Amino acid sequence: MSYIGRFAPTPSGPLHFGSLIAALASFLDARRAGGQWLVRIEDIDPPRCPEGAADTILHQLEAFGLHWDGEVHYQHARHPAYQAALERLVDQGLAYSCSCSRKEWRAHAIYPGWCRQGPLRPDRPLAWRLRSDLGQRPVRWQDRRLGAQCFDPAALGDVVLKRKDDLWAYQLAVVVDDAQQGVTDVVRGTDLLDNTPWQRQLQVALGLPLPRYLHLPLIVGDDGQKLSKQNLAPALPTDDVAVRRLLHRALHCLGQSPDATLADAPVTDQLAAATVAWRPDALGTATHRTH
């Protein structure tokens, strides 16, 4: 099976160092396998996606030499595909409409499934949820870094597939798009590890291929918090000198031990050497802090 990987950022702001780690690891994994590396802009939540943010992200990737294959894929144009998938789940009894607000069930660790037999308040706007207690249980897979994984999706709750405001939720969109793009390998942060059981449930229910997964160590700041846009992580630079040095540091953070003589080398040279030397097994020695 030929390798197809992807990087799929949400354009809620520019990329930061944590984003670079995810993009770089997925890029190197794809290139070392002689495969394709795709970029997908996950812009299904317009209120969170300021104008121009997607273009900024693409410019940042190009500045670091992370050039993608084919056309950039945008989720905002994929409504019909998501709707068709939801209807298939409804037909199987695996998705249901829900009128409950988070405030109503906040005393519970997970959503209690009150609307599984029909919405309690059908006069309200309705979300759509996955019946996590049905379908494949437990969900097992072999993570390429973390080894054997086993989760019961029902213990994680009935995740939202479509929101009350008619916007699509991440879990359904990512599964449909990975299948449509032929993605064979997903390389992403460990913060998304517990999303995988829902996604595997959906893949099985929809008869979609099951990609391999590699979950990366998280990169955290000096305060111990995951780097994120919400935590105001600084945006990646695009000037050449800063880019070269930051790329070299990112390779160190991935446990790849790049040659010190390449610290100020052009990104093309650094990436060429890193592709040949790429070792996913070295991720266990990755530096989890930015400094």
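This is a predicted model: local features need pLDDT of at least 70, side-chain atom pairs count only at pLDDT 80 or more; totals for chains, interfaces and linings use all residues.
Reader: What makes you say that Arg200 has no salt bridge?

Author: The nearest side chain of opposite charge, Asp143, is 9.2 Å away. A salt bridge needs a side-chain nitrogen of Lys or Arg within 4 Å of a carboxyl oxygen of Asp or Glu. Lys and Arg count as positive, Asp and Glu as negative, while His and the chain ends are not counted.

Reader: What does Arg200 touch?

Author: Gln136, Val139, Arg140, Trp141, Leu210, Pro211 and Tyr213, not counting residues up to four places away in sequence. Contact here means heavy atoms within 4.5 Å.

Reader: Why is helix 7 called largely enclosed?

Author: Nine of its 10 residues are buried, so the rest of the structure largely encloses helix 7. Among the buried ones are Trp198, Arg200 and Leu202. Helix 7 covers residues 196–205. Helices (H or I, at least four residues) and strands (E, at least two) are DSSP runs, numbered from the N terminus.

Reader: How do you know that Tyr82 and Trp168 are edge-to-face?

Author: Their ring centres are 5.8 Å apart and their planes stand at 65°, so the pair is edge-to-face. Rings of Phe, Tyr and Trp (its six-membered ring) pair if their centres lie within 6.5 Å; planes under 30 degrees apart are stacked, over 60 edge-to-face, the rest tilted. Both residues are buried.

Reader: What makes this pair a tie between separate parts?

Author: Tyr82 lies in helix 3 (79–91) and Trp168 in the loop between strand 8 (160–162) and helix 6 (170–180), so the pair ties together parts 86 residues apart in sequence.

Reader: Why is the pair of Trp141 and Phe151 called stacked?

Author: The planes make 15°, with 5.6 Å centre to centre. That angle falls in the stacked class. Trp141 is in strand 6 (139–143) and Phe151 in strand 7 (147–151), so this pair ties together parts 10 residues apart in sequence.

Reader: How do you know whether Trp141 is buried or exposed?

Author: Trp141 has a relative accessible area of 6%, so it is buried.

Reader: What makes Ala235 partly exposed?

Author: Its relative accessibility is 45%, so Ala235 falls in the partly exposed class. Ala235 sits in the loop between strand 10 and helix 8. Beyond its neighbours within four places, Ala235 contacts Pro14, Leu15 and Gln60.

Reader: Where does a charge sit over a ring, and how do you know?

Author: One case is Arg129, whose charged end is 3.9 Å from the ring centre of Tyr111. The rule asks for NZ of Lys or CZ of Arg within 6 Å of the ring centre and within 35 degrees of the ring normal. Arg249 sits over Phe17 likewise, at 4.7 Å.

Reader: What makes a set of residues a nonpolar core?

Author: Its members are buried Ala, Val, Leu, Ile, Met, Phe, Trp, Tyr and Cys residues joined through side-chain atoms within 4.5 Å. The largest such core has 42 residues, and Leu24 is one of those with the most contacts inside it. Helix 1 gives the largest share, 10 residues.

Conventions: Residues are numbered from 1 along each chain as its sequence is written. Side-chain values use heavy atoms; hydrogens and water are left out. Buried means under 20% relative accessible area, exposed over 50%, partly exposed in between (1.4 Å probe, protein chains only).
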